[in-house]
Amino acid sequence: MGNSIEVKDLTLNFGSISVLKNMNLDVAEGEFVVLLGPSGCGKSTLLNCLAGLLDITDGQIWIKGKNVTWAEPSERGIGMVFQSYALYPQMTVRGNLSFGLKNAKVPQAEIDKRIARAAEILQIQPLLDRKPAALSGGQRQRVAIGRALVRDVDVFLFDEPLSNLDAKLRSELRVEIKRLHNQLGNTMVYVTHDQIEALTLADRIAVMKGGVIQQLAEPLEIYNRPSNLFVAGFIGSPSMNFLKGRTVEGGRAFQFGATKIDLAGYDGGAVLERDQAILGVRPEHITVSTSPLSGPSIPAEVEIDEHLGADSLLWLKAEGANLSVRVPVEGRLPPGTKVHLGLDIPKASLFDAKTEQRI
Amino acid sequence: MAEARGRARWTRNISAKIAAIPMIATALVVFLGGTIWTVVYSFTNSKLLPKANFVGFDQYERLWATSRWTISIQNLMFYGVMSLVFTVVMGFILAVLMDQKIRHEDTFRTIMLYPFALSFIVTGLVWQWILNPQFGIQGVVRDWGWESFTFDPLNNPQTVLYGLLIAGLWQGTGFVMCLMLAGLRGIDEDIWKAARVDGIPTWKTYVVVIIPMMRAVFITTLVIVASGIIRLYDLVVAMTSGGPGGNASQVPAMYVYDYMFQAQNLGQGFAASTMMLLSVLIVLIPWAYLEFGGKKHG
Amino acid sequence: MADASMTRSAAMAGPRGAKPRKTLSPRNIMLYGTLIVVCLYYLLPLWVMVMTSLKGMPEVRLGNIFSPPVEFTFQPWVKAWKEACTGLNCDGLSRGFWNSVIITVPSVVLSIAIASVNGYALINWRFKGSDIFFTILIFGSFIPYQIMLYPIVILLREAGIYGTLWGLVIVHTIFGMPILTLLFRNYFSAIPEELFKAARVDGAGFWGIYFRIMLPMSLPIFVVALILQVTGIWNDFLFGVVFTKPDLYPMTVQLNNIVNSVQGVKEYNVNMAATLLTGLVPLVVYFVSGKLFVRGIAAGAVKG
């Protein structure tokens, strides 16, 4: 089927400041796309443009095959859920849910039907006659989602909907949003700065920085094959380890300090010989051993040992660089231990230090 | 395509634009246009009706050669400086007293602020009565047997401005106290805790720490009070009508009113009001620069 | 063992429990003493006004203005209301009172309606130049009114409403606009923007959001504006003199004409009754509104 949302060459300037730069984004019917990035990257701005709450400078926005570039927010066939819930405080939950429908002159019987359905899906029937002030944070967010739900639209826009909730509620509602998506099959665009939300919810993630989409891909692809240094460093906690060095032997090996690492099995393009390259390896793709490994291994020393419960994290120093390694709890080592590190090259990423792009 | 786009932009938010018409008209036509109009016509010899017959600075030369105007300016400067100093100093001291976690704070504040709800006319007439030489304070003290006691500020050209000050301070100090109190309450409690731990005496904390922190409140208060003083009119009309002795308590606003609406000498009125504008700008522009100029960079 | 119990009993002998506080410390005597003296200064005129207005003229002449009346009489009040003269016109201050009422009511309603819409448009529906108009407005509030008086006279004369009630209502609306717009703008800016966005997604337009969302959330600030405008317009003198004719003079103007008229014998008790009557409306508003009044006047000092 066709695309639900198409953003074509979208540019947005505030005066002389360029906030979104010539952006293109297609979201398929029923797809869940997460816009992820640090604050100020333009992700919320893009969402507001999709909703029609901001006038764009140039380009077009299509929703469900209709050019909605100049359409009013209410005419775009979208529902929106806000970070601060944005419930109208003087109205009851029922009033909040019906406000948009009344503006659209939907018949009362239809309004009642839709509210009943939304209330059932979100399990907020007992709350319908309460005012927002009498609801908990989680309940308010359910009502805010309900407001999008009753509009009976195909596109849902979420603007950091879980950021105001505490950690426990956040993970509960996250699962609920996922379930909702599975149940309704709507197109959803979801803005967050929380990568766990992004990785768990998204069909595809758009990682943004400086008003530009850095990479748009499925979560695993983003995690395993980040397209540039920014994406590699932004996704994953703790961050990917970056080893600065150069590629040698026609691109068959990576020189890191005194150690030469064989690049056999690297999953990427032609490596070639480069004076400045960066080898990125995730903490879980490094093995630690107290005895020398069979292949080339990097000598290192344990500095700190953090116990995380399920596993533990070793912070090491190797060739003057700080590295973190995720190890099973049994693999814990006291600070000062001399160890040898082995890298899982097929899962590593190699970047050109000048262009910062993945090789 | 381009045409459709232009139209869509223009009709966008059309309700908002229509709703803003009164504001735009007030800002542009009345405030900006009216001010410019008066300044321009102050260079004409308009008498009964405004006429665009330009005579250069004639009206201003006449203005500054008129003793009534120069006295008005002197009066306003004296009254203004005294009033500013006293309202701000007294307002601050009262605010400090009110800030000592006292009991019945609301009652005290209600009493100090109620004169501010009254008009200058009412204020002026009450004090005129209290300062009445025959029945007022002077009369009462003389009745007690102190026959030579003299307290008759309103009928003596030398002291009439003090009489106005007594009434003006009564009306306005409570307001300044409220602004200062709000400023004091806006200061972080932790500053006080830190000063207490450091063993700094309370009075010294006020002088060295609190007053510098309230700089913005002081400046804003000064601007508000000063722009009110320049408009001073009702109080003088009610208390002295500009007298005694003809013009011992004349103020510029009175001069403007008389020339514009009584003496049918519009040019003089316009020139005098332009001078008033100028004096306000002298206060206003440095303040606006400090207040808003810095904000854009910050 | 013995050592420990020694130190312990020594500690017990020192200060323990709540620190004693003296209510009659020299500091408190100074503090409350000063405040009470200051309050006497503030209360004195009110006291004198009330007492004088309740005395007969013989007692005013003979007695002390600070002492309460020996014989209470409401005659001065009745006379001030019904018979006090301005020039040849002797129908009392009641005319000025009703004039002030018919001036104040529409002026308050119109000025608040326009200013609240201004504030709302400035926060939520910015358009090109909206901030410039607002800046001019704020500057205008500091500029002496005198410089704009005559141009307004011309504008009103052209519109054919100079000297009428509606002319004065428009003048009050114009000069109330800066402070009220600032007041509403600041209040609306504290309402989360997302609420406004949500309402737009829900299909509400400019007026829909104003009446259904903003208005119900902003009742306190409307009350503050109401207090500010009722007292401000009631107390106005200059605009009343300049923009109305004698038969429409507001109460303040008529009061001044009564008290400061040079004709006839001065009836101080009637004058004070008239003064008190004129001050009564703002005083009632003030005492009823309490802290909201403070909030209203402080709004002028809050930066935009």
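In this predicted model, helix α2 (residues 93-103) of chain A packs against helix α3 (residues 108-122) of chain A at an angle of about 130 degrees, and their axes lie 10 Å apart; axes here are lines fitted to C-alpha atoms, for helices over the stretch in contact, and angles run from 0 to 180 degrees between N-to-C directions. Helices and strands are DSSP runs numbered from the N terminus, helices being H or I with at least four residues and strands being E with at least two. α2(A) and α3(A) are therefore oblique to each other, given that angles under 35 degrees count as roughly parallel, over 145 as roughly antiparallel, 65 to 115 as roughly perpendicular and the rest as oblique. The crossing of α2(A) past α3(A) is right-handed, where a crossing is left-handed if the near helix is turned anticlockwise from the far one by less than a right angle, and right-handed if clockwise. To the contact, α2(A) brings R94(A), L97(A), S98(A) and L101(A), and α3(A) brings I111(A), R114(A), I115(A) and A118(A), two residues being in contact if their C-beta atoms, placed from the backbone, lie within 7 Å. By class, this contact of α2(A) with α3(A) has five nonpolar, one polar and two charged residues; Ala, Val, Leu, Ile, Met, Phe, Trp, Tyr, Cys and Pro count as nonpolar, Asp, Glu, Lys and Arg as charged, and the others, Gly among them, as polar.

Residues are numbered from 1 along each chain as its sequence is written, while chains are lettered from A and ligands numbered from 1 in the order in which they are written. Because the model is predicted, local features need pLDDT of at least 70 and side-chain atom pairs count only at pLDDT 80 or more, whereas totals for chains, interfaces and linings use all residues.

Chain A also holds an open sheet of five strands in the order β15-β19-β16-β17-β18, with antiparallel pairing; two strands pair if DSSP finds at least two bridges between them. At its edges stand β15 (286-289) and β18 (321-328) of chain A, each with a single partner strand, so one side of each is left without a neighbour in the sheet. Direction ignored, neighbouring strands of this sheet are turned by 45 degrees against each other on average. β15(A) is joined by four bridges to strand β19 (residues 338-343) of chain A, the two running antiparallel, and I286(A) has L343(A) as its bridge partner in β19(A).

Turning to the domains, whose bounds come from an automatic or database domain assignment, chain B has domain 1 (1-41) and domain 2 (58-297), with their C-alpha centres 37 Å apart. Four residues of domain 1 of chain B are in contact with four residues of domain 2 of chain B. Chain C is divided into domain 1 (23-73) and domain 2 (94-299), and their C-alpha centres lie 34 Å apart. Their contact takes eight residues from domain 1 of chain C and seven residues from domain 2 of chain C.

Between chains, 73 residues of chain B are in contact with 70 residues of chain C. Helix α3 (residues 21-41) of chain B gives the largest share of the side of chain B that touches chain C, 13 residues, and by class that side has 52 nonpolar, 16 polar and five charged residues.
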